[in-house]
Amino acid sequence: MENIRIQDDLYTYVNQQKLEELVIPDDKPCAGGFVELADSVEKIMMGEFEAMAESKAYPNEHMARACQLYEIAKDAERKEKQGITPALKALSALDEIKTPEDFSKNYKALSLKGIPTPINIGVETDMKDTKRRLVYIQGATVILPDASYYKPEMAPQKEQILGIWTNVAKMVMAKTDLSPEEQEKYVADALAFDEIIGGLAKTSEEWSNYIEMYNPMDEAKVAEMLSTIDIGVILTDLFGHIPETIVVTEPRYFGGFTGLFNADTLVLYKHWAYVTGLLSACNLLSEELRDMGGMYMRAITGVAKMQSIEKFAYNLAAGTYSDPVGIYYGEKYFGKEAKRDITEIVYQIIDTYKARIKTNDILGEETKEKAILKLSKMGVKMGYPDKARVIYDKLTFNPDDSLFDIMLSLKAIRELDILSKLDKPTEPENWAMPGHMVNACYDPFVNDITFPAAILQAPFYSLKQTRSENLGGIGAVIGHEISHAFDSNGAKCDENGNINNWWTEDDFKRFEAKVNQMIEQFDGIELPWGKVNGAFIVSENMADNGGMSVTVDIMSRTEGASYEEYFSNWARVWCQKAKPEYSQLLLAVDVHGPAILRANMPPRNFDVWYSTFDVKDTDKMYIAPEKRIVIW
Ligand SMILES: [Zn+2]
């Protein structure tokens, strides 16, 4: 092992041995940290599913259905017999589309059949009045992992990735009943249509500024933008009436819509929808097709092999019945004592945050009050919900159907359910993440944090770890999620989650200066697999910074606190070994920075990092005091 000094590279110093030992599984793009926990949860729950399937004893009806779906999904012989037919049958809905007007009349049918469309209509929380919902309209997603690959400077990567996609598409198309010439043409047309989308669609960086999604317009204005289709017909079909307001999430895309979708491009669209629709259906067809369909994603993430049929079946079932599966996991594997302890930590962090806001030098008195109010009203969801959403009672299926048709029928039930909620109040009591998910989040439009049971374990958290270790792990992550309430997006929403300017102009100017400093701190950092885009990941970096400042504050008041343990566990939770293809992809699509930077960048902003390890200006993890940023 190399002689790494903690003062130069905290991440490698702490994780060196682990990184040497870690083996990336054949069916995964990375290993360690979050992935390791997710693997262990997956293993536990697969065992549970197997035992339930064996004994036919289920804790409730939802889990019985999840288990039934699991068994259907892992029946290779059954799927083989049905072959590609179920997907081709669904895709035949495209035959009805002979003119752009036909598209309007058939939008609902296409959407319910899972066929890709150039517009996507959904119902979401009204960002300016979070008690109610609005219709949102979004464009299509490109074949490439992100629309940014269509930028001229990304041409070499684009060529390479589309080359892989083209090969996979041709293999899958050879399984259809189309002639070889038709197959060629379909794939070529799909690529041509995708290029048009690519010139208009938002990039991940643009999506990361989620406040900019909010562009409410009246129907007349939207109809004018989408003059090649009849949006009135589509909306009436979906809602029984034309809603007053439609939120246009991608103004550039819809501004160029008539050039993208018209009588001349209709065939390109149909072929694009056919090929991309078929490729995404492969997952639910025979094992041979599941293998083929996954080749593209595996190639661009560096994954060697497809998931075993058992893992695939479990993940499909657990994803479809996520509330019940999460509750089952939480009740069985997450103790009451842990929930009490962790909830105590959360409120300690919120209180500390409030105290820090009081002495903060960005905010004036008036704004401080608003920030504290936002913290006081923040909801806390720890572990798992008490009961599953009502929709799970409706998620039934005919077990004699093919897996593809079962999933299609379940998707339709969900879609119709959400459409039916347009004029009903929102349900902030719903959990954004299920109990068995190794993740955590802040919902800006509810103003609450969610920590599923699955993340509340070592190295993040354990009753067996020291308080310092827990603060460096789950504590800093809780602080991170709370900080999202005050990151570059969250700061624009008030205590009820409504987009609302609660800042004075001067306060906001000082805040923006900090945002820019944070962008600068990360922008252009060179890693072996590419360069970091500071603006794209700024919200997450602000959250990491906030999470550390609030927990370092608690550490300073904790008896017997060990900063060595604190920083070491912070580095430990980010331990990750990834395939280079995957790391490269994440730079373009993930709003979070690379794991090594998340471990190594935040500490150097805090004086206690320097005093604990005697870090000097000759050390790599040193930055000059005037460059250190503490926001909250
Ligand atoms: Zn985050």
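Mentor: Start with N447, which sits in the loop between β7 (441-443) and β8. Keep in mind that the model is predicted. N447 is not a glycine, yet its phi is positive, at about 60 degrees. Most residues other than glycine have a negative phi. Is N447 buried or exposed? N447 has 22 other C-beta atoms within 10 Å, so it counts as buried; the cut-off for that is 20 or more.

The place of D614 is the segment after α28 (607-613). Its surroundings are another matter. D614 has 9 other C-beta atoms within 10 Å and is therefore exposed, since 12 or fewer meets that cut-off.

One more backbone point belongs here. The peptide bond joining A458 to P459 is cis, and its omega is near 5 degrees. Most peptide bonds are trans. P459 lies in the loop that runs between β8 (448-452) and α22 (467-483).

Next, a helix: α16, residues 309-320. Twelve residues make up α16. From first C-alpha to last, α16 reaches 16 Å, close to the 16 Å expected at 1.5 Å a residue. Its buried residues are F312, A313, Y314, L316, A317, A318 and T320. What do they pack against? The partners are α2 (33-55), α3 (61-73), α17 (322-333) and α21 (403-419).

Take the α3 partner in detail. Two packed helices are described by the angle between their axes and the distance between the axes. For α3 and α16, the axes come within 8 Å and cross at roughly 150 degrees. That makes the two helices roughly antiparallel, because an angle over 145 degrees counts as such. The crossing of α3 past α16 is right-handed.

Which residues make the contact? From α3 come A66, L69, Y70 and A73. From α16 come F312, A313, Y314, L316, A317 and T320. Sorted by class, this contact has nine nonpolar residues, one polar and no charged. T320 is the polar one, since Thr is counted among the polar residues. T320 is also on the list of buried residues of α16.

Notes: Residues numbered from 1 in each chain as written. Predicted model: local features only at pLDDT ≥ 70, side-chain atom pairs only at ≥ 80, totals over all residues. Helix = DSSP H or I, 4+ residues; strand = E, 2+ residues; numbered from the N terminus. Expected span 1.5 Å × (residues − 1). Contact = placed C-beta atoms within 7 Å. Axes fitted to C-alpha atoms, helices over the stretch in contact; angles between N-to-C directions. Parallel < 35°, antiparallel > 145°, perpendicular 65-115°, else oblique. Left-handed = near helix turned anticlockwise from the far one by under 90°.
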